[in-house]
Amino acid sequence: MSIGIFFGSDNDTTTDVCERLAKKLGGAELINVADADADAINKFDKIILASSTWGDGELQSDWESYAETLSGANFGGKVVGLLALGDADSYSSTFCDALYHLKNVAKGAKLVGATSTDGYEFDESKGVEGGKFVGLAIDEVNQDDKTDERLDAWVAQIKGEGF
């Protein structure tokens, strides 16, 4: 089964993290949501949705319109992992809120990859449910030295959850 990583990136940080993730997954197709249509998700059974968190906890700008494009998409039967980037120091009250928004995009999917909040210092996040992030939170601003370790652990986890 093929894997699609759908991402939006303004300053290439999310692009870089997604490229690293694709290699760790053993190959995945990278799809920039700025260039994707609603049918693009139909090519994949396994999908990663990735976005940085901007402003007051919003999705990256290209995701704003793509989320609307996907509002009627059928994620039933698809396995989806969520990935968000954020800055826990400067945006501590909205850290990785993009996870929350991406979860709403993937309605009907089997979500995998909820991760512990241990090791992160932030005030709050809409991306946390039941004490865990609903996907993987990455802080390339303050904890870039932990990104590869977190990606490795997450890849092993989601593969164990049917990804």
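Strands β3 and β4 form a hairpin with 3 residues between them, and Gly-55 in the turn has a positive phi of about 55°. The model is a predicted one, in which local features need pLDDT of at least 70 and side-chain atom pairs count only at pLDDT 80 or more, while totals for chains, interfaces and linings use all residues. Residues are numbered from 1 along each chain as its sequence is written, and side-chain values use heavy atoms, with hydrogens and water left out. Helices (H or I, at least four residues) and strands (E, at least two) are DSSP runs, numbered from the N terminus.

The pairing of β3 with β4 is antiparallel and takes in 2 bridges; two strands count as paired if DSSP finds at least two bridges between them. Here Trp-54 sits opposite Glu-58 in β4. Strand β3 has other partners too. It runs parallel to β1 (residues 3-8), joined by 6 bridges, and Phe-7 has Ala-50 of β3 as its bridge partner. Another 7 bridges tie β3 to β5, again in parallel, with Ile-47 partnered by Val-80 in β5. As for burial, 8 of the 9 residues of β3 are buried, so the strand is largely enclosed by the rest of the structure. Buried here means under 20% relative accessible area, exposed means over 50%, and partly exposed is in between (1.4 Å probe, protein chains only).

Helix α3 (residues 98-105) comes next. Its buried residues are Ala-98, Leu-99, His-101, Leu-102 and Val-105. They cover an arc of only 165° around the axis, which puts them on the same side of α3; the arc is that of the directions from the helix axis to the C-beta atoms. And what do these buried residues pack against? The list is β3 (46-54), β4 (58-59), α2 (61-69), β5 (79-85), β9 (132-133) and β10 (136-138), where contact means heavy atoms within 4.5 Å.

Ala-114 is found in the loop between β6 (110-112) and β7. With 33% relative accessibility, Ala-114 counts as partly exposed. Leaving aside residues up to four places away in sequence, Ala-114 touches Lys-132, Phe-133, Val-134, Gly-135 and Gln-157. Its C-alpha atom is separated by 15 Å from that of Leu-85, 29 residues apart along the chain. Glu-129, in strand β8, is also partly exposed, at 39% relative accessibility. The C-alpha atoms of Glu-129 and Tyr-100, 29 residues apart along the chain, are separated by 9.2 Å.

That leaves the empty space. Rolling a probe the size of a water molecule over the atoms shows where such space is left. On a 1 Å grid over the protein atoms alone, a pocket is an open set of points where a 1.4 Å probe fits, with protein on both sides within 12 Å along at least five of seven lines, and lining residues have an atom within 4 Å of a point. Grid points are joined across faces, edges and corners, and a volume is the space filled by probe spheres set on the points.

The largest pocket has a volume of about 280 Å³. Of its 16 lining residues, Ser-52, Thr-53, Gly-86, Asp-87 and Val-141 lie nearest the centre. Both α1 (13-24) and β3 supply at least two residues of this lining, and β3 gives the most, with 3 residues. By class, the lining has 6 nonpolar, 8 polar and 2 charged residues. Ala, Val, Leu, Ile, Met, Phe, Trp, Tyr, Cys and Pro count as nonpolar, Asp, Glu, Lys and Arg as charged, and the others, Gly among them, as polar.

The second largest pocket holds about 180 Å³ of space. Its lining includes Ala-114, Thr-115, Lys-132 and Gln-157. The largest share of that lining, 4 residues, comes from α4, while β7 (115-116) and α4 (147-160) each supply at least two residues. The lining divides into 5 nonpolar, 3 polar and 3 charged residues.
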